[in-house]
Amino acid sequence: MASTAERLEKLIAENLEVDGQPINLPEDLNASLLEAGVSSMELVAFGRLVSREFNVAFSPEDCANINSVQGLIEHIDSQAG
Amino acid sequence: MPASVAGCWWRPFRTVDRATVLHVDLTAHAAREAEAWAWLDEEEQARWQRYQHDGPRRRFALCRAALRAVLCRQLDCYNEQLAFSASDHGKPYAVVQGVAAPVSFNISHSGAHGLIAVAAAGRLGVDVEERRAPRDLDGLISSVLGPDEQAELALARGCRKLHLFFNFWTIKEALIKALGLGLALDMSRFEIPSAMRRGKTTSIFQFPQMPTVRWRLEDLGNEHFAAAIAHELAPDSN
């Protein structure tokens, strides 16, 4: 069974791009996808995708508090149990 | 601020009441990028380094250097005296010699276009988007638009639908950025004024939850991009 980080990495590679180029999971998981060059519109669309893929919900407060890829992984894992 | 040897890559774009909006040319230009990079402080240069791709790196450097030039002029300070800090939700503000500066600004970029909005007072948000069809347009429409906005888009097809969506998005995003709450505010919980949904380019807006605060909205879009500005009105303004 792939870890959350591995599944997220695949989802990012398949669905997010910057100027037509795929982006990679940041080396520093404390970085945000916005810092990788992803726009806020793409981020909202990606949030919908993550929500479906992992069957997790995001409240507006969650969206405000998740400031990094690591934060997103922890949010997904916290709802999986 | 040293005189630009690569020529200014920003220029006045619009004046909206007491706010000035500048357009920043973000097309690839090695000399401008080198000059912009030199204007950044150490923290900004480190952030520039962290970007994975050239495009975001270029857009960040050119916009941030242009912002520095504009603010130095507005605040009558040297580039070395100017720094940036951020609110809890990440909205940046200017600091001169350790003190928060009396200026309001906001910045946005998309593709080859950047916009910088500056005013002496009042919260300010600006958004610009090149109109490239997102992967999940219908999903975005259902996520970020309110019922009346969705009904308006349901009547549109093809390019018109995309154009309207970007129009609505930029106005809502400008409001959210002006508030400084980031994604903490559910975009579908408020709707832009009906007059603007039907083509009017300016309006006054109040969030239902904050009826005493009024915002001046203006559609700044043109044939190249969708864009909008939201500026908090002074309590005594008409």
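This report looks at a predicted model with chains A and B.

## Chain B as a whole

Chain B holds seven helices and 11 strands. Along the principal axes, its C-alpha atoms fill a box of roughly 50 × 40 × 30 Å. How does the radius of gyration of chain B agree with that of a compact globule? For 238 residues, a compact globule would have a value near 18 Å. Chain B has 18 Å, so the two agree.

Of the 238 residues in chain B, 39% are buried. Contacts also reach across the sequence. Take the contacts in chain B between residues at least 6 apart in sequence: 55% of them join residues at least 24 apart.

## Nonpolar cores

In soluble globular proteins, nonpolar side chains tend to be buried together. The largest nonpolar core here has 62 residues. Which members touch the most other members? They are Val24(B), Ala66(B), Ile116(B), Ala117(B) and Ile229(B). Helix α6(B) gives the most to this core, with 11 residues.

Another core lies apart from the largest one. This other core has 10 residues, including Leu16(A), Leu33(A), Leu72(A) and Ile76(A).

Ala117(B) is worth a look in the largest core. Leave aside its neighbours within four places in sequence. Ala117(B) is then in contact with Ala19(B), Val21(B), Phe105(B) and Asn106(B), and also with Leu124(B), Val126(B) and Ile229(B). One of these partners, Ile229(B), is also on the list of core members that touch the most others.

## Where the chains meet

The contact between the chains takes 19 residues from chain A and 23 residues from chain B. Which element gives the most? It is α4(B), with four residues. By class, the chain B side has nine nonpolar, eight polar and six charged residues.

Now follow α4(B) across to chain A. It packs against helix α2 (residues 40-54) of chain A, with the axes 10 Å apart and at an angle of about 95°. That angle makes α2(A) roughly perpendicular to α4(B), because values from 65 to 115 degrees count as such. From α2(A), the contact is made by Met41(A), Val44(A), Ala45(A) and Arg48(A). From α4(B) come Gly139(B), Leu140(B), Ser143(B) and Val144(B). These residues divide into five nonpolar, two polar and one charged.

## Two residues with positive phi

Most residues other than glycine have a negative phi. Asp19(A) has a positive phi of about 55°, although it is not a glycine. Asp19(A) sits in the loop between β1 (17-18) and β2 (21-22) of chain A. Is Asp19(A) buried or partly exposed? It counts as partly exposed, because it has 13 C-beta neighbours inside 10 Å.

Phi of Asp17(B) is positive, near 50°. Asp17(B) lies in the loop between β1 (10-16) and β2 (19-25) of chain B. With 15 other C-beta atoms within 10 Å, Asp17(B) is partly exposed.

## A residue in helix α1 of chain A

Arg7(A) is in helix α1 (residues 4-15) of chain A. It has 16 C-beta neighbours inside 10 Å, so it counts as partly exposed. How far apart are Arg7(A) and Gln70(A)? In sequence, they are 63 residues apart. In space, they are 13 Å apart, C-alpha to C-alpha.

Definitions and conventions
Residues are numbered from 1 along each chain as its sequence is written. Chains are lettered from A and ligands numbered from 1 in the order in which they are written. This is a predicted model: local features need pLDDT of at least 70, side-chain atom pairs count only at pLDDT 80 or more; totals for chains, interfaces and linings use all residues. Two residues are in contact if their C-beta atoms, placed from the backbone, lie within 7 Å. Ala, Val, Leu, Ile, Met, Phe, Trp, Tyr, Cys and Pro count as nonpolar, Asp, Glu, Lys and Arg as charged, and the others, Gly among them, as polar. The radius of gyration is taken over C-alpha atoms; the globule rule is 2.2 Å times the number of residues to the power 0.38. A residue is buried if 20 or more other C-beta atoms lie within 10 Å of its own, exposed if 12 or fewer, and partly exposed in between; C-beta atoms are placed from the backbone. A nonpolar core is a set of buried Ala, Val, Leu, Ile, Met, Phe, Trp, Tyr and Cys residues joined through C-beta atoms within 7 Å. Axes are lines fitted to C-alpha atoms, for helices over the stretch in contact, and angles run from 0 to 180 degrees between N-to-C directions. Angles under 35 degrees count as roughly parallel, over 145 as roughly antiparallel, 65 to 115 as roughly perpendicular and the rest as oblique.
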